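Subject: Structure for you to look at

Hello,

Here is the structure I said I would pass on. My notes on it follow below.

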Amino acid sequence: MILLDSLLMFITAYLVGFLYYGLYRNITARFQRRFGPPVWQSFFDSIKFFTKEESTSHGWMFYLGPIIMMSGAIMTLLFIPFFTHSEHFRGVSEYGNLFLVLYLLVLGPLGNALGVGTAGNPFGVMGVTRGLSRLFALEMPFYIAVIAIMSLSGSSDIATIAASQSTLNVVAYPLLFIAALFSFIGMMGQSPFDVVGAPVEVYSGPASEFSGKFLALLMSQSAIFTFAKLVLMVHLFLGGAEGFVELLGKTFALFLFVIMFGSIYGRFKTPQSIDFLLKIPTAIAVVGLILATWS
Amino acid sequence: MDLSIFGLSDIVLTLKATHLANFFASLIIFASLMLLFITKNYKLSKSFYALFTLLLSSLFLILYAGDYLLFFIGWEVMSISTYFLLSFSLSKETLHKYIIFAMASALSIFIAILLLYSSKQSFLYANAAESFMALGTFEGLAFIALMLFGIFVKLGTIGFHYWLVDAYQESHNLFTPFLSAVLSKMGVYALIILVTQVVELSYSLAIMGVITSIVATFKAIQEDSVKRLLAYSSIAQLGYIVTVLGVADGVGGALYHSLIHTAVKLLLFLNVAGIIYMTGRSKFSQLGGLIYKTPQSFVLMLIGIITLAGMPPLGGFASKFMIYTSLLDAKYLLILAAVMFSSASAFLYIYKLIYGIYLGHPTNKKLETVREVPWSFLIPQYILALLLIILGTYPALVVPYFNVILQELHLKSIAFSDYATLSTTYGEYNGFVVMSTFTAIFVLVLLVFTNLRSKKKEAKDRFDIAYCGEEPNEATHLHYGFSMGKELKRVSLLSTLYKNSVKPFYDSLAEQTLNFSDIFKKIYTGNLATNFQFATIFAIILLWWSLK
């Protein structure tokens, strides 16, 4: 039963993730006054890449890097229930909690960082270093917000947190949501915190040495991971979801906001983004936490 | 123990085997057994092992003492035997630094103990809380401050860590694992005794611990020396323990993290010792690219760093989870955020640790001919790695044992249902499910992916990389990551952290002390005639005093 459930979650996340990615490419295209590719183009690309050969490989750790990343993404997905109350689409989430999910969010990227390091491509390692330097600053506001939410709902179980919101957390604690949103934009790899991959700027960040089937794997995990993160955010702040319509509606609204934010603002350098995140969003989060828990 | 033959009839000393002491004693024995494996790789004199035995016995005296006086004797012997053990490899300056701090620690603990004794004339732990209550406000504060100073020096809490990093770096590779894994735990034990038997310290301890872990983590990121990085990491990890001991129900988390930290630091220091043994290099800027030369060491290091990072599915997550939930339960929300922040920052130095040694490119031709580390280094690491994997799968395996300790200390015990589920008031997780889900997904993805892949295309050599259309060669600087973390210096918030150090403070303290001692030099010149004059004056004063 759990196996079938997990498989359905995987397929849903795979398709929805690529759908969102296609929409993202279209929407950003409109911002830049051009027409984007067809919505399912990225999906077909990933399928196509799975049939291609890679140009080089660098031994077993390099080979395992993207596989760990994919496993990390699927793990994250399975530990976050899709719906607040449903018996279905909840994977193995009853055996985990929010702390576990917070760590699983970085499991994949760290695994891949090992693969990148093995290849010995300095451009790849540069991306990893930027990512890790930025990671702690990025997590800070998110952690504070999440801790406040956990303390208020008295549990670290994601479904319980989603169910305990009589008024949505985004309405009840807007400051916490704003602070967490800054981190979330960075987690989604959007501007102004997108210096890790830094499209068009450095050679291409952590993915530079991966080609062919490796790239297909990285693209697929990114789609799944994006959807998992959106679902998590919906559970924490937007009251969770009871059915597919509500889930897709809420995740897409959040996604739309994030990509619009991303297409408007320019990119921070690594030290700038650390400085910014540790000052303004962290301050907002601390004020939010004090206001929310003061009694 | 009866001291009446010495004319000290009212002093009672006891030895007591508590479950808490047994736990720490088993850590000592376990760590010593692990170190036995590598002794044959180093030619050390007999006196080293004799002193090591003395050190071990002093540690047991600390643990099994039932009162503060025997505890102090153990502490003093520990400090001195450690001094002699360190003297085998330390430079004079570092050794001086160590002994001054160790003596200051021992003396301040001694004064604190005498303060406690002054109120109810008892050294026993059993009467300690009562004696403390009977102290005045000033004496009470002085007791806490002196006691904490002594313990913090041993733990290397930030501000008191001045001796620690250098001592760890220069100490013998056989002794460093012991320093980090075991000797620092004596500080933890003393702190647990203090907070459970004498006085709860709540916020002050938690804040001290959190500052320690954050500062030490950022200092670790900048280090080029492997052992210095691990030393700072050790300080940071002990900072978590100090933090969680600020919470009433934090002892469970502290015990769990002590266990994990002992195992993981033994593993990492042994791993690094093996690499230094084979290459003779101990800096990230001189290492690199060893992964396919020493694959077993790499995998063991990987298990170590996953645990150190507190990543599921290994044991490190269990102890971090305990720490986080006890802080959450006590509503130490901002402190919890700071602990998690420090834990996330640690990923940077943890990646540097594995990248600088095993990944990237070799920085020297000699590194291309390195062979695998000897089995004597690998066997203890395999045992430790197995322990960490088991603890990751069955995180509640040690909970029944911890509950016995917690009951003995009259603390709330940890909920226990089965060995796989670690449950707290703020949620639970099932280690077995986490481990098996990860393994299943990993194997599944691996199989599918390997079947898709028709033929392997390996790189010709290590220069066969995507490099902006150019072809790198021997002269190209490719081992990029050994200096990672440098850019943090450009962040204005963090640069203050890097600019400041405790060195100027201790330097000026040393200078002041020397100036002060000049006064005594005027009296004690070494000239016999002056000495005689002063002795005569002193005798006359005494005579006058007694006749008055």
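The domain bounds used here come from an automatic or database domain assignment. Please keep in mind that this is a predicted model.

Domains of chain B

On that assignment, chain B splits into domain 1 (13-199), domain 2 (224-452) and domain 3 (503-547). Taken over C-alpha atoms, the centres of domain 1 of chain B and domain 3 of chain B are 32 Å apart.

Where the chains meet

In the contact between the two chains, 63 residues of chain B touch 65 residues of chain A. On the chain B side, at least two residues each are supplied by α13 (315-329), α14 (333-358), β2 (427-430), α17 (431-452) and α18 (492-499). Of these, α14(B) gives the most, with 12 residues. Sorted by class, the side of chain B that touches chain A has 41 nonpolar, 12 polar and 10 charged residues.

One residue in chain A

I also looked at Phe261(A), which is found in helix α10 (residues 244-264) of chain A. Neighbours within four places in sequence aside, Phe261(A) is in contact with Ile185(A) and Gln190(A). As for Thr84(A), 177 residues separate Thr84(A) from Phe261(A) in sequence, and the distance between them in space is 28 Å, C-alpha to C-alpha.

Regards

Conventions:
Residues are numbered from 1 along each chain as its sequence is written. Chains are lettered from A and ligands numbered from 1 in the order in which they are written. This is a predicted model: local features need pLDDT of at least 70, side-chain atom pairs count only at pLDDT 80 or more; totals for chains, interfaces and linings use all residues. Helices (H or I, at least four residues) and strands (E, at least two) are DSSP runs, numbered from the N terminus. Two residues are in contact if their C-beta atoms, placed from the backbone, lie within 7 Å. Ala, Val, Leu, Ile, Met, Phe, Trp, Tyr, Cys and Pro count as nonpolar, Asp, Glu, Lys and Arg as charged, and the others, Gly among them, as polar.
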